[in-house]
Amino acid sequence: MLDRLHDHGRARRVFRLRILFAALISLVVVLTLLGRAAWLQIAQHEHYLAKAEQNRTRLVVVPPERGRIFDARGEVVADNVATFQAQITPEQSQDVVAELAMLANVLGLDAHAAEALEERIRVSRRFDPVLVKADLDEVERARIARLKPWLSGTEIVSSLKRVYPYRALLAHVVGYVGRINAEDVKRLDPDAYQGTQYIGKTGIERQYEDRLHGEPGYRMVEVDALGREVKVLDTQRPVPGKDIALTIDVGLQGVAAAALGEYTGAVVAQDPRDGAIRALVSRPSFDPNLFVDGISHKAYRELLEDPDRPLYNRATRATYPPGSTIKPVMGLAGMEYGLIDPDERFFAGPYYQIPGNDHRYRDWRKWGHGWVDFEESIFRSVDVYYYDLAFRMGIDRMHAFLTEFGLGQKTGIDLPGESAGLVPSRAWKQRVKQQVWFPGETVIAGIGQGYMLSTILQLADMTSTLATSGVRHVPWLVADDREPQPRLKLSSDDYWQRARQAMRSVVGNERGTARKIEAPYPIAGKTGTAQVFSVAQDEEYDAEELERRLHDHALFIGFAPYDDPKLSVAVIAEHGGSGSGTAAPIARQVMDFWFGVEPDADVQPEFTEHGD
């Protein structure tokens, strides 16, 4: 009996313990639920309110309209046209990989385009839309619409597409925009570029990206259960990018490009009064419209492998030996350093020899020029005169004087990728090549050969400095307030007049190397050739036996009118033979157009072997 009572009491204790344990568990569960509810209702209230709101509303980013680009006369050279584009927002997609595969199939994206798209999505924020394909036609839009139930993250939106109406003519100046890629995403402000699919890649488009881009806006829209817009709740308009006006004149640009004809090369025309660039031509060129929506891998490879390098800006990036075009500046240096008297006559034979050295540095005129003064040394382009002057001047003084004219350093033009060129010195050779400088290298530097290199833009700027007797301006393309640089002062202003008069005689004198381009307005200039390969001392240059790619480059610099300069021009025609026969007539055609003179049918580029 006592055992049964004992068992019954133990059972009740066990039961009470179980009840207590269950109550504790229930209490913990209830407290946990209450805590979680409090967390959701209080601490996470704003977050889940926003999530709930997103089930009803959606924020649509409105990218800004890109600023347009005009030439100096108001012609549109970079415009925007309305189009449709497909874009994907990863956050709204149920399966991004599957959706991309489906889009690649229906839109015909190649493997390279698909890989680039995947990489862009990987580095972007999940709520930022990413461009899949622009400029959709009706068939492509219909295919996407038919597959919309399986393309939850994809939408077709109207947009503005960049177009370049002048195509290859201004490609190296205006540049082009391209799709924002993974590398761009890493350096861009994601808020400023939210919704933007394009960015300037080259030229003015890249240089002035901040000015052209603008600021994005948004639309807050109410959507139904299927995600379709019902009404607009709020709007903030985007701030469009600013328009840009170039100093380039499209008409002059076209004439300069046409004047080059079949020659690969460059032409730069500058207003010497303020440094404004009126034409900047590089031939061959390319169509920038190919890059806007993403150029195909095959087309891009063809451009890269083209031996004439159409993507390369020969006006600002390519460097060439300036040849005899630097002789007016060398003459100024000789007068300033007291090494020459411009009225003193010098005997210029067929070659020059450094004292104590048997090597002969030959003149372009194989029988020499005889007795010449400074002016004759310019308009007859006497090499021996400048061999001797360079040897007596020395490379370091030559370096110091030429760099004052902007050679060997970037001009500062508002274009990316400009080259500095090279004016050598003893210190440069020791630093770069760990070698001493030789006297023979000074001699050939005196006629712009050897290590000396310059861009055509630098030569145009140098010409403007000569035209204005030392007043210098930074070359520029976009209208802006720019102050002139300090004037280059010489010990006598007469030296400027001597150099300018000698350049006038290059065209105006009956024995001048560019006499064939004499015009109704007075032109001053200087011809030149840039040697492509060296000829052995005992051999002669025979153009008829050389491949075209081994012919000398033809150069010309000039300004007009002589008594009131308004245009400076620098020309290079690669493998054109001579400046007098090929480059000078090109410059004359450019000047004729600018000054409204009827073109002279007899003044045409014509390959000649020598006579720069």
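Tutor: Arginine 588 counts as buried, because its relative accessibility is 2%, under the 20% limit for that class. The model is a predicted one, and arginine 588 lies in its helix α21, which spans residues 579-594. The side chain of arginine 588 reaches two backbone oxygens: that of glutamate 518 at 3.0 Å and that of isoleucine 517 at 3.2 Å. Apart from neighbours within four places in sequence, arginine 588 is in contact with Ile517, Glu518, Ala519, Pro520, Tyr521, Ile523, Asp600 and Val603.

Other charged side chains take part in salt bridges, of which the whole structure has 29. One of these joins lysine 161 to aspartate 135, with the closest N and O atoms 3.0 Å apart. Lysine 161 belongs to strand β5 (residues 154-163) and aspartate 135 to the loop between β4 (130-133) and α5 (138-146), so this pair ties together parts that are 26 residues apart in sequence. Within the pair, lysine 161 is buried at 14% relative accessible area, whereas aspartate 135 is partly exposed at 38%.

A further salt bridge links arginine 426 with aspartate 396, the closest N and O atoms being 3.4 Å apart. Here the partners lie in two helices, arginine 426 in α17 (residues 426-433) and aspartate 396 in α16 (residues 395-403), so parts 30 residues apart in sequence are tied together. Arginine 426 is partly exposed, with 45% relative accessibility, and aspartate 396 is partly exposed at 38%.

Aspartate 564 and lysine 566 also meet through their side chains in a salt bridge, at 2.5 Å from N to O. Aspartate 564 is partly exposed at 39% relative accessibility, and lysine 566 is partly exposed at 27%. Beyond these pairs, Arg66, Arg162, Glu205 and Glu209 are linked in a network of salt bridges.

Turning to the nonpolar parts, the largest core has 126 residues, and those with the most contacts inside it are Ile204, Leu246 and Leu332. A second, separate core has 17 residues, among them Ile88, Ala104, Val132 and Ile144. Leaving aside neighbours within four places in sequence, the contacts of leucine 246 include Ile69, Phe70, Val173, Val174, Ile204, Leu477 and Val478, and also Asp71. In soluble globular proteins, nonpolar side chains tend to be buried together. On the surface, however, Leu20, Leu24, Leu27, Val30, Leu31 and Leu34 form a nonpolar patch with about 560 Å² of accessible area together.

Technical notes: Residues numbered from 1 in each chain as written. Predicted model: local features only at pLDDT ≥ 70, side-chain atom pairs only at ≥ 80, totals over all residues. Heavy atoms only, no water. Patch = residues over 30% accessible without salt bridge, like charges linked within 9 Å, V, L, I, M, F, W, Y side chains within 5 Å. Areas by Shrake-Rupley, 256 points an atom, 1.4 Å probe, with all protein chains shown as cover. Salt bridge = Lys/Arg side-chain N within 4 Å of Asp/Glu carboxyl O. Core = buried A, V, L, I, M, F, W, Y, C linked by side-chain atoms within 4.5 Å. Buried < 20%, exposed > 50% of the residue type's maximum accessible area, 1.4 Å probe, protein only. Contact = heavy atoms within 4.5 Å. Helix = DSSP H or I, 4+ residues; strand = E, 2+ residues; numbered from the N terminus. Polar contact = N/O pair within 3.5 Å; in protein donor to acceptor, adjacent residues only side chain to side chain.
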